[in-house]
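Dear colleague,

I am handing over a structure that is new to you, and my notes on it follow. Please look through it first and then read on.

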Amino acid sequence: MAKLVALPLLALMSLLCASTPARGGDDYTAFVYAGCSQARYDPGSQYAADVDTALSSLINSAAYTAYANYTSPSTSTNLAAVHQCRSDLPAAVCGTCVKSAAAKLSSLCNAAAGAAVQLRACFVRYGNDSFLGRQDTTVLFKKCGGESAADTGVVAMRDAALGALAAASASAPTDQGSYRAGAAGYVQAMSQCVGDLGVKMCTDCVSAASSQLKAGCGYASAGEVYLGKCYARFWSNAGSGGGNGVPVGGGAAAGNGGVTGGGVGGGNNNAYAYGGFVPSPYTNHDESGKTLAIIIGLVAAVAIVIVFLSFVRRAGGVGGKS
């Protein structure tokens with residue numbers, strides 16, 4: 001009897017383990033936002049071939065460098081592409097992240113003339129709108145969480161940590177995207193620019209990102225904002241403000257013609273345009289799928305238990321008759 005009972009219990013445990021996301025570390029390929037231009041290219045065209053070549057080139061480059069850009073030799077398409085990884089991470093992580101980002105672009109933005117995707121550890125973009133080397137402080141995604149009611153100490157430490165990031169970016173080398181991390185008290189922060197920006201533009205971008213967090217996150221103990229060419233994040237190590245640099249909580253998504261936009265400040269609903277792109281927050285992209293997987297797993301486990309109990313009942317009936 002023990003072996004028969006173990007089957008549905010093991011099945012239930014396996015389904016729950018497979019459905020529940022891992023915790024305790026930063027998922028470097030977690031989805032943050034993506035955007036696709038409305039303009040499209042024809043399959044089999046020179047533009048399609050250039051997109052494939054550009055993404056393949058970025059995937060190859062990511063195996064040994066945190067930043068690379070590609071420009072098509074074809075004057076008929078003027079296609080450019082770029083990838084940027086967190087330069088504090090190993091090359092293997094960068095390579096995996098960029099490969100995952102390219103796959104998401106292919107699935108989410110199939111045949112789009114321009115597209116961008118931000119994962120937790122990398123950013124990939126392509127298009128023919130001459131974006132390389134140009135400043136872009138458009139807000140694409142912003143999230144605040146881990147509210148710490150009226151804790152002015154956290155606010156002061158947050159402002160100091162973010163201010164230090166902007167100051168550090170001013171003296172950072174332009175290669176590797178000017179990744180910086182720092183802390184003030186028990187609040188930590190990080191920022192990075194895309195590697196095609198010069199020092200002055202990177203400093204201005206990080207300053208703009210820091211201002212967005214200071215103005216929009218109130219007393220939140222964690223927050224992140226992604227602009228067109230840089231991002232900044234902060235989190236508190238006190239209490240449950242966020243672990244391993246992963247801010248918790250966040251705002252609701254806002255509908256914009258059927259496309260979701262980033263929630264801001266935990267309550268304000270805003271959708272941000274991005275040169276024809278509309279970002280979609282990872283909280284609404286990934287969690288619904290995880291929830292569905294858990295529900296399916298539970299339903300399947302219940303069905304197994306019902307079948308097992310029915311078998312036991314029949315076996316008991318046969319034994320009683322004999």
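**What was found**

Ala 111 is in the loop that runs between α3 (91–108) and β4 (115–119). Please bear in mind throughout that this is a predicted model. The phi of Ala 111 is near 70°, which is a positive value in a residue other than glycine. Ala 111 counts as buried, because its relative accessibility is 9% and the cut-off for buried is under 20%.

The side chain of Ser 72 reaches the backbone nitrogen of Ser 74 at 3.1 Å, and, leaving aside residues up to four places away in sequence, Ser 72 touches Asp 50, Thr 77 and Leu 79.

As for the protein chain as a whole, there are six helices and 16 strands, and 44% of its 322 residues count as buried. When contacts between residues at least 6 apart in sequence are considered, 69% of them join residues at least 24 apart. The accessible surface of the protein chain comes to about 14700 Å², and 59% of that surface belongs to carbon and sulfur atoms.

Terms used. Residues numbered from 1 in each chain as written. Predicted model: local features only at pLDDT ≥ 70, side-chain atom pairs only at ≥ 80, totals over all residues. Heavy atoms only, no water. Helix = DSSP H or I, 4+ residues; strand = E, 2+ residues; numbered from the N terminus. Buried < 20%, exposed > 50% of the residue type's maximum accessible area, 1.4 Å probe, protein only. Contact = heavy atoms within 4.5 Å. Areas by Shrake-Rupley, 256 points an atom, 1.4 Å probe, with all protein chains shown as cover. Polar contact = N/O pair within 3.5 Å; in protein donor to acceptor, adjacent residues only side chain to side chain.
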